[in-house]
Amino acid sequence: EEEFKWLLQEEVHAVLRQLQDILKEASHRFALPTSGSGGAVKQENFVLSTSGTDQVKGVLTLQGDALCQADVNLKMPRNNQLLHFAFREDKQWKLQQIQDARNHVNQAIYLLMNRDVNYQFKTGLEVLKLMDAVMLQLSRARNRLTTPATLTLPEIASSGLTKMFTPVLPPDILVNFYINLNKLCLTVYQLHMLQPSTTKNFKPAGGSVLHNPGAMFEFGSQRYEVSHVHKVECVVPWLNDALVFFTVSLQLCQQLKDKISVFSSYWNYRPY
């Protein structure tokens, strides 16, 4: 019982301090100024590449959770024509995945800071509940980076992203940006219009992170089929750091839960 008291009063707070330190480091990696520190976020340039093809090349500029510039060259396979398109100067594209992940990290930090060094935990159950709440936020933060949204092709076609480029994207090109683990990805879809008289069995594609050639969809009054798909990506080192911090923090939470559970199974501890 004395050991359990020591665990609740001393070791739990040591782990909470360690978690706070790790998660503050994770939060800093998102490179966004916290409210009150008005410093501008630095811009980082990333070169897009892929091992398979040089059909798409480009440079993306990331500023915190926003793509502030995108400069893309696309070689059309049909005629080797080179298309160049870039973001309009007045446009930025918010990466909701980064914004959400950071918000979940900050929520986890808030939960931990709510139990300062003077707070006295009375029961093991109280610690378990806190760890579960922190782990939920960390799992959500990690999932936002590891699980891109599934979108239908009409959703991509009607996305605000299509209106951000100069020159304007041709109607047979769709683009989508997303985060996958520690990578910033760009997918370019080339389309061909299906003629009303076509004998092809039209079957619209559902939602997906990445659509394959042959996927069909209807947009406006026109039917399209995906003819070519190009995916290029770049590693964002600080996203990798953040994912490592999430993993380490989740392990620390689980270790503390396991210790509490071992004690709780020996003693049904109640405070005097």
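My axes are lines fitted to C-alpha atoms, for helices over the stretch in contact, and angles run from 0 to 180 degrees between N-to-C directions. Helices (H or I, at least four residues) and strands (E, at least two) are DSSP runs, numbered from the N terminus.

A note on the source: this is a predicted model, where local features need pLDDT of at least 70 and side-chain atom pairs count only at pLDDT 80 or more, while totals for chains, interfaces and linings use all residues. Residues are numbered from 1 along each chain as its sequence is written, and side-chain values use heavy atoms, with hydrogens and water left out.

**Entry 1: the helix pair**

I looked at α1 (residues 2-29) and α2 (residues 96-113), whose axes come within 10 Å and cross at roughly 155 degrees. I then listed the contact (heavy atoms within 4.5 Å). From α1 come Leu16, Leu19, Gln20, Leu23, Lys24, Ala26 and Ser27, and from α2 come Val105, Asn106, Ala108, Ile109, Leu112 and Met113. I sorted these residues into nine nonpolar, three polar and one charged. For this, Ala, Val, Leu, Ile, Met, Phe, Trp, Tyr, Cys and Pro count as nonpolar, Asp, Glu, Lys and Arg as charged, and the others, Gly among them, as polar.

**Entry 2: the sheet**

Which order do the strands take? I read β7-β8-β10-β9, an open sheet of four strands with antiparallel pairing (two strands pair if DSSP finds at least two bridges between them). β7 (173-180) and β9 (216-219) stand at the edges with a single partner strand each, so one side of each has no neighbour in the sheet. On average, neighbouring strands are turned by 40 degrees against each other, direction ignored.

I followed β8 (residues 183-194) along β10 (residues 222-235) and found twelve antiparallel bridges. Gln190 stands opposite His228 in β10.

β9 and β10 share four bridges, also antiparallel, and Glu218 has Arg223 of β10 as its bridge partner. These two strands form a hairpin with two residues between them, and Gly220 in the turn has a positive phi of about 65 degrees.

**Entry 3: Thr146**

I placed Thr146 in helix α3 (residues 124-146). Beyond its neighbours within four places in sequence, Thr146 contacts Asn180, Leu181 and Leu243. The C-alpha atoms of Thr146 and Leu181 are separated by 4.4 Å, though the two are 35 residues apart along the chain.
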